[in-house]
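The sequence and structure come first.

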Amino acid sequence: MYARGAGPAGSAGGSRGRVGRAGAGVGACQAGGVRDIVDRACEAALYSQDDAGLDAGASVLVAEGERWGGVGQALLARGEAYVRQAWERGWRPADVLRLVRRDLEQAHLRIAEDLVAAEARRYARLPERWTDAEVWWGNDTEYGEQLVRRERTDRFSLAGAVLEVFRLLIRLPSIEPVGPLPGDPADVLEHAHIEPRMLGRIRALLAKAEATTFPEEAEALSAKAQELMARHTVDAALLAVKSGTAQIPGACRIGVEAPYEEAKAVLLDAVASANRCRSVWNSAYEFSTVVGFESDLEAVELLYTSLLVQGTAAMTRAEAGQRAGGRKRTKTFRQSFLLAYASRLGQRLAETAEHTVAEAPDNLPVLVARDVAVTSRAEEMFPRTTTTRLRGATDLAGWEDGTAAADRAHMADGSRRSLRG
């Protein structure tokens, strides 16, 4: 099945819909530098368990309005330090932004993106899959005022939002790192990516499969994309052996978000296994860590995303048919549909992987060696994992429709005969 990381499952902190009154519980700020103001605000807000501390900290930040420009700059600098601490604990930008999106509001998400962009600009080179966020403001002394204009709200509300983001950041636990940090001198290893032209072909095929409303067309397009992925995996493995190029498995994180996250985790695990990778699910923080060689990780990301889009579209169509027949149990239908879809695809993808190896048995030793390397790396990263029991699929119609949708999402040449013959 799949494993779930045994790390801490505490709350990421933060609160939704906080409403406060400027100046509540705090007198006028005493004279002092803006750094002292930010220090006092953070001391009041970040370690409290309720919104009163956030209100108090926000009041400190806005008490001397003429210093708002300096306060905004100091907050930006403090935020950069906090996101760097998060990176050092194993987090990546996408992981942090996912939590902010889940636990806070859109304004908080934009502020968090600003902090990521501000910290990333310090480096001439960023690790792969890091961030595409960019600094949109001018000089840092202008950040506070430009933030007010962008968000179209008052300083007190913005100050509270910034402090809420800070509070989430400092409460992040340490997790398993999946790659080097920005500025890390160890970030010099060149990875074997999918060749750009082939990558373009794969993306184009999957995009067409997602766009079409004809199941047979989607089936053929997805089949061709998986065929190219499987072929590239074998070619890359043989090339590495012939050239003597040293390659080691890497890792990436892929979001597995609610709703129906269990079914999504099962689907991702199936795609990872079919592409000679290993997947470990962290349910508390809504991601799976996938371990494998770089080109295989790229294939997993592409195929999982496409199959999820195709499955969701098929579920929506099937649900519409159920509603037309007078049914109303949409939640149980959806859960059962996606579980069946993931389960059936898991079987089919496993058979596809076996079929690919059977076509070229001489390549088996090379592929086995890569499998061993990936398994060893996964066990090194996650020495302790636990299995989890899925909530049952209780809707027969949803299960049957999900299974049928998986059968239509044909993945590789040759599997049709073994499944339907």
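This is a predicted model: local features need pLDDT of at least 70, side-chain atom pairs count only at pLDDT 80 or more; totals for chains, interfaces and linings use all residues.

**Helix 2 against helix 7**

The axes of helix 2 (residues 51-62) and helix 7 (residues 155-170) cross at roughly 125 degrees and come within 8 Å. Angles from 65 to 115 degrees count as roughly perpendicular and those over 145 as roughly antiparallel, so helix 2 is oblique to helix 7.

- The crossing in which helix 2 passes helix 7 is right-handed.
- On the helix 2 side, the contact is made by Asp51, Leu54, Asp55, Gly57, Ala58, Ser59, Leu61 and Val62.
- These residues meet Arg155, Phe156, Ala159, Gly160, Leu163, Glu164 and Arg167 of helix 7.
- By class, the residues of the contact of helix 2 with helix 7 are seven nonpolar, five charged and three polar.

**Largest nonpolar core**

- The largest nonpolar core has 52 residues, and Leu61, Trp91 and Phe166 touch the most other members.
- At least two residues of this core come from each of helix 1 (34-45), helix 2, helix 3 (68-88), helix 4 (93-103), helix 5 (106-120), helix 6 (143-151) and helix 7.
- Helix 7 contributes the most to this core, namely 11 residues.
- Neighbours within four places in sequence aside, Phe166 is in contact with Cys42, Leu46, Leu75, Arg78, Gly79, Tyr82 and Leu115.

**Second core**

- A separate core holds 38 residues, among them Ala225, Cys252, Ile254 and Leu349.

Definitions and conventions. Residues are numbered from 1 along each chain as its sequence is written. Side-chain values use heavy atoms; hydrogens and water are left out. Axes are lines fitted to C-alpha atoms, for helices over the stretch in contact, and angles run from 0 to 180 degrees between N-to-C directions. Helices (H or I, at least four residues) and strands (E, at least two) are DSSP runs, numbered from the N terminus. Angles under 35 degrees count as roughly parallel, over 145 as roughly antiparallel, 65 to 115 as roughly perpendicular and the rest as oblique. A crossing is left-handed if the near helix is turned anticlockwise from the far one by less than a right angle, and right-handed if clockwise. Contact means heavy atoms within 4.5 Å. Ala, Val, Leu, Ile, Met, Phe, Trp, Tyr, Cys and Pro count as nonpolar, Asp, Glu, Lys and Arg as charged, and the others, Gly among them, as polar. A nonpolar core is a set of buried Ala, Val, Leu, Ile, Met, Phe, Trp, Tyr and Cys residues joined through side-chain atoms within 4.5 Å. Buried means under 20% relative accessible area, exposed over 50%, partly exposed in between (1.4 Å probe, protein chains only).
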